[in-house]
Amino acid sequence: MIAKELMKRSSSARVLLLEHKGTVSADTRIQGFKDTIEGHSSYQIVSELETKGQTEIAMPAVQNFLQSGVEIDTLVALNDRSAIGALAAIKEQGITYPIAIYGIDGSPDMKSLLHSTDDVVGTVAQSPLKMGDRVMEVIQDIAEGKSYTKEVSIPVEMMTKENIDQFDVNGWQ
């Protein structure tokens, strides 16, 4: 979803990816982004940084990257926590040119930034509430000896400045 949103907003990008290698969900998110931009040479992945999805690891990693002098115009993070760490690094470095920041999770902090600033472009929101409801349904089915679906997809949503008012910015969906 992030790659599609980026391609809708911009005809090219120099992208920094923030990753957590070896974590299935993070690897899948980043691979989905790569697969979507594959074959579109105007969208370049400039570098990939290991952040373990943590704000306190992302901030110094992005600071060090920015100090290298390599310019980017887009940052795609495996989650909102690392995106927020990257934003802190960008602000601390005094970067004045625009960098489009994307996260994943739809965390309350990221939604608040989307709602109140122009510092971030979007987040793909998952719903822990819907996930929990579905788990409870499956547990109930198991307890009652009923059959159940072993793999369930719960839709995610792209949140941007343009649609953030449609969501509760104070909590998870």
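Reader: Which residues does S107 touch, not counting residues up to four places away in sequence?

Author: S107 touches D80 and W172, where contact means heavy atoms within 4.5 Å. The model is a predicted one, in which local features need pLDDT of at least 70, side-chain atom pairs count only at pLDDT 80 or more, and totals for chains, interfaces and linings use all residues. Residues are numbered from 1 along each chain as its sequence is written, and side-chain values use heavy atoms, with hydrogens and water left out.

Reader: Where is S107, and why does S107 count as buried?

Author: S107 sits in the loop between β4 (100-105) and α5. The relative accessibility of S107 is 10%. Buried means under 20% relative accessible area, exposed over 50%, and partly exposed in between (1.4 Å probe, protein chains only). S107 therefore counts as buried.

Reader: What makes M110 count as buried?

Author: M110 is part of helix α5. Its relative accessibility is 0%, so M110 counts as buried. Leaving aside neighbours within four places in sequence, M110 is in contact with D80, A83, I84, Y102, G103, V120, G122 and T123. For M110 and T123, 13 residues apart along the chain, the C-alpha atoms are separated by 7.2 Å.

Reader: Why does F167 count as buried?

Author: F167 has 12% relative accessibility, so F167 counts as buried. F167 belongs to the segment after β6 (157-160). Between the C-alpha atoms of F167 and T123, 44 residues apart along the chain, the separation is 12 Å. Over the chain, 41% of the 173 residues count as buried.

Reader: Why are α4 and α5 called oblique to each other?

Author: The axes of helix α4 (residues 80-93) and helix α5 (residues 108-116) cross at roughly 50 degrees and come within 9 Å. Angles under 35 degrees count as roughly parallel, over 145 as roughly antiparallel, 65 to 115 as roughly perpendicular and the rest as oblique. α4 and α5 are therefore oblique to each other. Their crossing is left-handed. D80, A83, I84 and L87 of α4 make the contact with D109, M110 and L113 of α5. These residues divide into 5 nonpolar, no polar and 2 charged.

Reader: What makes α3 oblique to α4?

Author: Helix α3 (residues 55-67) packs against α4 at an angle of about 40 degrees, with the axes 7 Å apart. That angle makes α3 oblique to α4. The crossing of α3 and α4 is right-handed. Residues in the contact include M59, V62 and L66 of α3 and I84, A88 and I90 of α4. The contact of α3 with α4 divides into 9 nonpolar, 6 polar and 3 charged residues.

Reader: How many helices and strands has the chain, and what pattern does the chain follow along the sequence?

Author: There are 6 helices and 6 strands, where helices (H or I, at least four residues) and strands (E, at least two) are DSSP runs, numbered from the N terminus. Along the sequence the pattern is α-β-α-β-α-β-α-β-α-β-α-β.

Reader: Why is the chain said to be as compact as a globular protein of that length?

Author: The radius of gyration, taken over C-alpha atoms, is compared with the globule rule, 2.2 Å times the number of residues to the power 0.38. The chain has a radius of gyration of 17 Å, close to the 16 Å that the rule gives for 173 residues, so the chain is as compact as a globular protein of that length. The C-alpha atoms fill a box of roughly 60 × 35 × 30 Å, taken along the principal axes.

Key:
Axes are lines fitted to C-alpha atoms, for helices over the stretch in contact, and angles run from 0 to 180 degrees between N-to-C directions. A crossing is left-handed if the near helix is turned anticlockwise from the far one by less than a right angle, and right-handed if clockwise. Ala, Val, Leu, Ile, Met, Phe, Trp, Tyr, Cys and Pro count as nonpolar, Asp, Glu, Lys and Arg as charged, and the others, Gly among them, as polar.
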